[in-house]
Structures are given as C-alpha cells and as structure tokens.
Amino acid sequence: MALSAEVRIANTAADLFQTAARQFAALAAEAVSARGRFCVALSGGSTPRSLYSLLAGGSAPSIPWDRIYFFWGDERHVPPADPDSNYRMANESLLSKIPLRPESVFRVPAEEKDGAAAAKAYEQTVRDFFKLQPGEFPRFDLILLGTGPDGHTASLFPGSAGLAENKRLVISNWVEKFKTDRITFTYPVLNHAACVMFLLSGAEKASIAHELLEDPAAKLPAQSVCPIDGRLLWLLDSAAAAGLQRRSA
Ligand code: 6PG
C-alpha cells in the first residue's frame with residue numbers, strides 16, 4: 001500500500017459518511033477557489049449511496065453545486081434506467097436533488113450495445129472536457145472509489161485485461177465472473193487524480209481492508225491505485241477496519 005495513504009477510521013457508518021461529506025465539501029471549496037471548478041468522478045456499487053444522500057440532504061457545509069462537473073469512474077454495461085446503473089443510483093440519491101446544470105453531468109453512454117464503442121465515446125468526452133493533448137491524462141480533483149471482497153476497484157477486476165492498460169483513459173473491461181463487460185477508467189486516470197478517496201463500510205469489508213492496507217504481497221487491483229502527485233485517502237468505519245493492525249482515527 002502506498003506509504004502516502006491516509007487511513008481514517010470513523011466509529012460508525014454514519015460518522016464515516018459525515019467525514020466523507022466534509023472531505024467532499026472541503027475539496028470542492030478548494031478546487032473552486034483555485035480553479036473555478038470541481039471535477040469529480042463518482043463511484044458506483046452500494047457504499048457511496050449514503051454519502052450521496054447526505055450531500056443531497058444539505059447537512060454538509062455549503063457546496064458550490066453549479067461549479068461541479070460529474071463523471072463516473074466506472075459503469076455497468078446497462079442503460080441509465082437499469083437498476084444496476086451507477087448513473088441511476090447517483091441520480092436518484094444526489095443529482096436529481098441538487099441545483100445543477102444538466103451540461104455538468106457526463107454519464108457513460110452505457111446504453112450503447114458495443115461496450116468498446118461506449119468506452120471510446122466516453123474517453124473522447126473526457127479528452128474534450130479536459131482539453132487533453134495526445135498522451136496526456138486528466139487530473140480529476142476527486143475520484144471516489146470502493147472495493148469488492150476480491151480487491152477490485154472501479155471495474156478493474158483481478159485477472160482482467162484492463163489491469164495492464166496504460167495508454168487509454170476508458171476501456172470496456174471483460175469481467176469473467178459476471179460474464180459481462182464494464183466500462184471503466186484505467187489506472188493512469190486514477191493515478192493522475194489530485195485526490196482518490198476510498199470508502200469502505202461494514203464488517204463484510206474487514207478482511208479485504210486488512211489485505212489491501214496491510215498485505216503488500218496481495219497484489220490486488222485496488223493496491224495499484226497510488227496517485228502520482230495527489231492524495232490517497234482511505235475512509236473506513238470501525239466495522240470495516242476491524243481486521244487492521246494499524247489503526248488511526
Ligand atoms: C461498481 C463499483 C465497484 C464498487 C465495488 C464495491 O460499479 O460496482 O464501481 O468498484 O465500488 O464493487 O461495491 P459495494 O459498495 O456495493 O460494496
């Protein structure tokens with residue numbers, strides 16, 4: 001695990017999401033005052049829903065929603081109305097509840113039947129938004145990530161081809177265990193971020209948290225997330241941190 005990783009452990013899940021909401025608000029304020037905008041890539045799965053609801057509920061310090069640009073670190077290969085859609089989850093729990101301009105939301109066109117075409121289109125969207133030259137990578141202000149029991153993150157799963165990608169920004173990555181492809185950011189995008197924030201909640205994440213944070217030999221996908229010139233923040237609740245030797249509050 002990157003020596004630079006900041007590991008913070010909150011007592012309860014509620015404390016965890018409050019901490020994450022404060023971090024989100026602080027990073028947004030910092031980016032907007034420095035660059036006039038905050039570019040964030042949302043994560044999917046179930047864990048971040050509580051954060052999104054908290055942010056939408058306004059309990060976090062005031063957030064300049066009109067200056068925020070939303071992207072996704074990965075998406076299931078399903079249309080936006082599908083129950084499995086990461087976009088749908090974020091829209092229901094956050095985006096539909098905050099004052100934002102539709103043009104500030106850049107979802108993955110995952111309704112596109114051809115996953116590779118969807119990935120290519122989304123890569124171009126990211127390239128155009130950040131005005132990238134060939135070979136350049138975007139610098140997101142914040143990329144939210146989670147991890148599964150197998151140590152995957154975004155949709156970079158153990159044994160998948162996407163782990164080796166070091167030129168593309170977005171790929172369609174075949175996930176053998178789900179017999180489907182997922183559209184996902186690649187490591188270069190994750191590792192060029194100004195801040196990557198992992199959220200882990202619940203006892204079911206305790207053993208993988210120990211492996212990822214305390215067993216370098218595990219060589220799991222989430223362990224290769226190490227921002228080149230940025231912060232790496234691991235936020236856990238005490239249930240997810242139960243297996244850690246090293247504990248910090
Ligand atoms: C996804 C995510 C994925 C997620 C982990 C954890 O599309 O599923 O981006 O990487 O973060 O699978 O999921 P849970 O939060 O549901 O445990």
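Mentor: Here is the ligand site, from its neighbours to its cover. The model is predicted: local features need pLDDT of at least 70, side-chain atom pairs count only at pLDDT 80 or more, and totals for chains, interfaces and linings use all residues. Residues are numbered from 1 along each chain as its sequence is written, and side-chain values use heavy atoms, without hydrogens or water.

Start with the shell. The ligand is surrounded by 14 residues (a heavy atom within 4 Å counts as near). Ser-46, Thr-47, Asp-74, Ala-154 and Lys-205 are the closest. Sorted by class, the shell holds nine polar, four charged and one nonpolar residue. Here Asp, Glu, Lys and Arg count as charged; Ala, Val, Leu, Ile, Met, Phe, Trp, Tyr, Cys and Pro as nonpolar; the others, Gly among them, as polar.

Now look at the polar contacts (N or O atom pairs within 3.5 Å). Asp-74 has a side-chain N or O atom 2.6 Å from a ligand oxygen. For Ser-46, a polar side-chain atom sits 2.7 Å from an oxygen of the ligand. Asn-86 also reaches a ligand oxygen with a polar side-chain atom, at 2.9 Å. Finally, the cover. Alone, the ligand would expose 410 Å², and the protein buries 87% of that (accessible areas by the Shrake-Rupley method, 1.4 Å probe).

Methods. A polar contact is a pair of N or O atoms within 3.5 Å; within protein, one must be able to donate a hydrogen and the other to accept it, and residues adjacent in sequence count only if both atoms are side-chain atoms.
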